[in-house]
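Student: I would like to learn how to read a protein model. Please take me through some features one at a time.

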Amino acid sequence: MTDRRSVRISSRKQPQQARSAELVAAILEAAVQVLAKEGAPRFTTARVAERAGVSVGSVYQYFPNKAAILFRLQSDEWRQTTELLRGILEDVGRPPPERLRALVHAFIRSECEEAGIRLALSDAAPLYRDAPEAREARASGDGIVQAFMREALPDAPVATRELAGDLITTTLNQVGKRFSETPRTPAEIAAYADVMADMFCAYLAGLAHA
């Protein structure tokens, strides 16, 4: 049995010229299309190369295997999520409950808008989730959440803040994934996000007054 932790998922090299960057962009766009159409079980490097209109060898110049392609798609998604977290949670001009509510709405809306590719990436996660690169990518978002928790719950014990941050992010991810599996209208998304935000804000308020 292959040890997934030893599978190489880093790109072979980074594109240095505009033409190379365009090739990588075409490969990644093709990968998104193949993943959305075929799903994780039928995702192959050959299918990506065919969709991109390039040789398999061209793909291997930048990605050593299909796990590396999938991890690149996932890491791009994680990066977007991290930017979302930072842009909302680090906005000190708004009180913490308002920021948390804005985050819930933005996150649930994003989950629903990109449900197809995110669900497919979730199915493909066993190929790369235990790799060091994956753990490092996830850690950056965790730091933003914990910094927010220190601001929202300044008098709470560290263990309480860590638990609260983990509970909120885990719930957002898991419930958001489940909710987005069914097509939703904007009104449904807004109503659902409102209820979830109410729950989180009440939870933090209770911890603050404990």
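Tutor: Start with burial: a residue is buried if its relative accessible area is under 20%, exposed if over 50%, and partly exposed in between (1.4 Å probe, protein chains only). This is a predicted model, in which local features need pLDDT of at least 70 and side-chain atom pairs count only at pLDDT 80 or more, while totals for chains, interfaces and linings use all residues. Residues are numbered from 1 along each chain as its sequence is written, and side-chain values use heavy atoms, leaving out hydrogens and water.

Student: Is Phe 179 buried or exposed?

Tutor: Phe 179 has 6% relative accessibility, so it counts as buried. Over the protein of 210 residues, 38% count as buried.

Student: How many helices and strands does the protein have?

Tutor: Helices (H or I, at least four residues) and strands (E, at least two) are DSSP runs, numbered from the N terminus. Here there are 9 helices and 0 strands. The pattern along the sequence is therefore written α-α-α-α-α-α-α-α-α.

Student: How do I read a pair of aromatic rings?

Tutor: A pair of aromatic rings is described by the distance of the centres and the angle of the planes. Rings of Phe, Tyr and Trp (its six-membered ring) pair if their centres lie within 6.5 Å; planes under 30 degrees apart count as stacked, over 60 as edge-to-face, and the rest as tilted. The whole structure holds 2 aromatic pairs. In one of them, Phe 71 and Trp 78 have ring centres 6.2 Å apart and planes at 70°, so this pair is edge-to-face. Both Phe 71 and Trp 78 are buried.

Student: What kind of pair do Phe 179 and Tyr 192 form?

Tutor: The centres of their rings are 3.9 Å apart and the planes are at 15°, so Phe 179 and Tyr 192 are stacked. Phe 179 belongs to helix H8 (residues 158-180) and Tyr 192 to helix H9 (residues 186-208), so the pair ties together parts that are 13 residues apart in sequence. Tyr 192 is partly exposed, at a relative accessible area of 32%.

Student: How do I read two helices that pack together?

Tutor: Two packed helices are described by the angle between their axes and the distance between the axes. Axes are lines fitted to C-alpha atoms, for helices over the stretch in contact, and angles run from 0 to 180 degrees between N-to-C directions. Take helix H5 (residues 96-113) and H8: their axes come within 9 Å and cross at roughly 35°. A crossing is left-handed if the near helix is turned anticlockwise from the far one by less than a right angle, and right-handed if clockwise. The crossing of H5 and H8 is right-handed.

Student: Which residues make the contact of H5 and H8?

Tutor: Contact means heavy atoms within 4.5 Å. From H5 the residues include Leu 100, Phe 107 and Cys 112, and from H8 they include Ile 168, Gly 176, Phe 179 and Ser 180. The residues of this contact divide into 9 nonpolar, 3 polar and 2 charged. Ala, Val, Leu, Ile, Met, Phe, Trp, Tyr, Cys and Pro count as nonpolar, Asp, Glu, Lys and Arg as charged, and the others, Gly among them, as polar.

Student: What does Cys 112 touch?

Tutor: Leaving out residues up to four places away in sequence, Cys 112 touches Phe 179, Ser 180, Arg 184 and Ile 189. The C-alpha atoms of Cys 112 and Ser 180 are separated by 4.7 Å, although these residues are 68 residues apart along the chain. Cys 112 counts as buried, at 18% relative accessibility.

Student: Which side chain makes a polar contact with Glu 77?

Tutor: A polar contact is a pair of N or O atoms within 3.5 Å; within protein, one must be able to donate a hydrogen and the other to accept it, and residues adjacent in sequence count only if both atoms are side-chain atoms. The side chain of Gln 74 makes such a contact with the side chain of Glu 77, at 2.9 Å. Glu 77 is in helix H4 (residues 66-89) and counts as buried, at 12% relative accessibility.
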